[in-house]
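Work through the exercises below with the sequence and the model at hand. Each task is followed by a worked solution.

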Amino acid sequence: MTEAERVRVVLERSGGFAGRTIRRGLDTEDLPAVEADRLRALVAALPATSGPVGATAPDRFTYAVEVDVSGRRGLHHFAEPVPAEARDLVQLLSRAPLLPASR
Amino acid sequence: MHLEPRSIATTRQTPCALPPNILERIIRNGTEEQRDWALGTLSLDTTNRMVRLQTAQIAAALPRRRPRPVPASPSARRTIADAQSTETLPGKTVRTEGQASVSDVAVNEAYDGLGATFDFYSAVFHRDSIDDEGLALLATVHYGDHYDNAFWNGEQMVFGDGDGELFNRFTISLDVIGHELTHGVTEDEAGLAYLNQAGALNESVSDVFGSLVKQYKLGQKAGDADWLIGEGLLAPGVQGVALRSMKAPGTAFDDPVLGKDDQPANMSGYVRTTSDNGGVHTNSGIPNKAFYNAAIAFGGHAWEKAGKIWYETLRSPQLRTNASFVAFANLTVTQARTLFDADAVRAVQDAWRAVGVKI
C-alpha cells in the first residue's frame, strides 16, 4: 500500500443489547494527511480476512470491517474481545461518522 | 447421605457455546480431531442434562429433605466499580452495599437497578440472587470509550456510557439492567443456546423479566405497563421510543441510522438470517408478544401468573438447551396446568396460537 492510495473502511457493528446493525465509515480522502496515514497503517495491520463469527456471549457485539484499498476489497469479521491487531481500528471506527442503515 | 440438589445442579454450568445440533454436524462432517472434540463436548452436555433431570427428580421426591436454609429475607450484596473509560474489569470500587449515593448518576443507577432486580427475584420467585445461592452482585460502569452496550459477562454486569449520538448511558433503563441480569439467570437455570429459536427465547426471557422488574418496581398492572424495552436509552434526535416493544413488536423505532424496528409479532414474519446469531434480537418479538398476550389475558400484575409460568418453564428440567418456540410454548402450558387451572391453560394456549406458534 502506498502513501497515496485511497482507503475506505466501513465498520458494521451487530448484536449488543440493541441487536441493531450500526454502520460507520472513514475515507482517507476526507481526512487530514496525518489521520489518513494512521488509517492506512491500521488497515495494513489487520489480520487476514475471515468468515462471519457469532457473538461470544448474549448481547456481545460482532464486527464486520469492510476495507477498500484502491478498489481491492477485503472483509474481516471479529467478535469480542477484538484481537489486538484490529482493536485500534475498531476503536477509531467506533467514533467515525454514522452511515445510513442498510434497509 | 446429605443430599444437596442445588449444589449438584451448579456443576452443570460448563459453558458450551455451541448448541447440540452444531456439535452433531461437526461430528458428521468434521475432521477426526474436530469430531473427537465435538463428541466429548456433546457427551458432557448430555451428562449435564441428565444430572439436572435426576437432581430435579430427587428434589421433587424428597421435598422436605431438600436443604434450602434460605434466610427469611435474603438481601443483596452489591459492589459498583468504575472502569474509568478503560476495558479493564472490574475497575475501582466506588460504592458498596449500604453506602450512601454518590455524585455519579451511573453508579447510583447501577446500584439501584441491581437492587431492584434482586428484590424482584427475591420477593416474587423467592430466588436468592442470579444463581439462587446468594451470589454477590458486581457491576462496572464507565466501561470503554463511548461504549454502546451493557452485558452480563458470566460473572458481573458491565455498562458502557453510550456514544451520545445513538445511545445514552446504559444504566438509564431499569429494564435493561433486569434484561442483562436475567441472562445470568437463564444461563444458570436453562443454558439456552444463543442461536436461532433457542437464542431468540434466551433474548425474550431477558425482555420478559427485564420488563417485569420495571413493572414490579412501579407497581404496575399488565394493562397499565408500557411493555417497552430500553425506554430512555435512545439519544435525543433518534426517531423512536425504545429498542423493542413487547406489546407491538416492530413499532419501537424508525430511524435513518438505526433502521426500522423489524421485530415480527407472528411466526408468519419469522426472519431467517445468519446475522445476529440467527436473528435472536429480531425473532424474540414472537415469544415477547406471546408473553404479553398471556399477561393481558390474566390481568392484574403480570408477574403473578404469566411471570410465574414463564419462570417455572425456565427452571423446568425438560427445557432443552436447543429448545424451539413450540417446545418452550408446550412447557408453559404444562406449567400453567401445574401451577394454576384449566383457564390458565387456555389463556397460555391462546397467547401462543395468536402469534402463530402451533401448540
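**Exercise 1.** What percentage of the contacts in chain B with a separation of 6 or more is accounted for by residues 24 or more positions apart?

Solution. The model is predicted: local features need pLDDT of at least 70, side-chain atom pairs count only at pLDDT 80 or more, and totals for chains, interfaces and linings use all residues. Residues are numbered from 1 along each chain as its sequence is written, while chains are lettered from A and ligands numbered from 1 in the order in which they are written.
- Two residues are in contact if their C-beta atoms, placed from the backbone, lie within 7 Å.
- Of the contacts in chain B with a separation of 6 or more, 58% join residues 24 or more positions apart.

**Exercise 2.** In what order do the five strands of the open sheet in chain B lie, and which are the edge strands?

Solution. 
- Two strands pair if DSSP finds at least two bridges between them.
- The order is E2-E1-E3-E5-E4 in chain B, with mixed pairing.
- Strand E2 (92–96) and strand E4 (150–152) of chain B are the edges, each pairing on one side only.
- From one strand to the next, the twist averages 20°; angles run from 0 to 180 degrees between N-to-C directions, and axes are lines fitted to C-alpha atoms, for helices over the stretch in contact.
- Strand E3 (residues 137–143) and strand E5 (residues 157–160) of chain B run parallel and are joined by three bridges.
- B:Tyr143 stands opposite B:Gly160 in E5(B).
- Helix H5 (residues 174–189) of chain B lies across E4 and E5 of chain B, at about 25° to E4(B).

**Exercise 3.** Is B:Asp82 buried or exposed?

Solution. 
- B:Asp82 is found in strand E1 (residues 78–82) of chain B.
- B:Asp82 counts as buried because it has 21 C-beta neighbours inside 10 Å.
- Leaving out residues up to four places away in sequence, B:Asp82 touches B:Gly91, B:Lys92, B:Val94, B:Val141 and B:His142.

**Exercise 4.** Check the span of helix H8 (residues 285–298) of chain B against 1.5 Å a residue, and describe its surroundings.

Solution. 
- The expected span is 1.5 Å times one less than the number of residues.
- For the 14 residues of H8(B) this should be 20 Å, and the end C-alpha atoms are 20 Å apart, which agrees.
- In H8(B), 12 of the 14 residues are buried, among them B:Phe291 and B:Tyr292.
- The buried residues of H8(B) pack against helices of chain B, including helix H6 (196–218) and helix H11 (342–353).
- B:Gly299 follows H8(B) and has a positive phi, near 70°.

**Exercise 5.** At what angle do H9(B) and H10(B) pack?

Solution. 
- The angle is about 120°, and the axes of H9(B) and H10(B) are 8 Å apart.
- Residues of H9(B) including B:Trp310 meet residues of H10(B) including B:Phe328.

Terms used:
Helix = DSSP H or I, 4+ residues; strand = E, 2+ residues; numbered from the N terminus. Buried ≥ 20, exposed ≤ 12 C-beta atoms within 10 Å, placed from the backbone.
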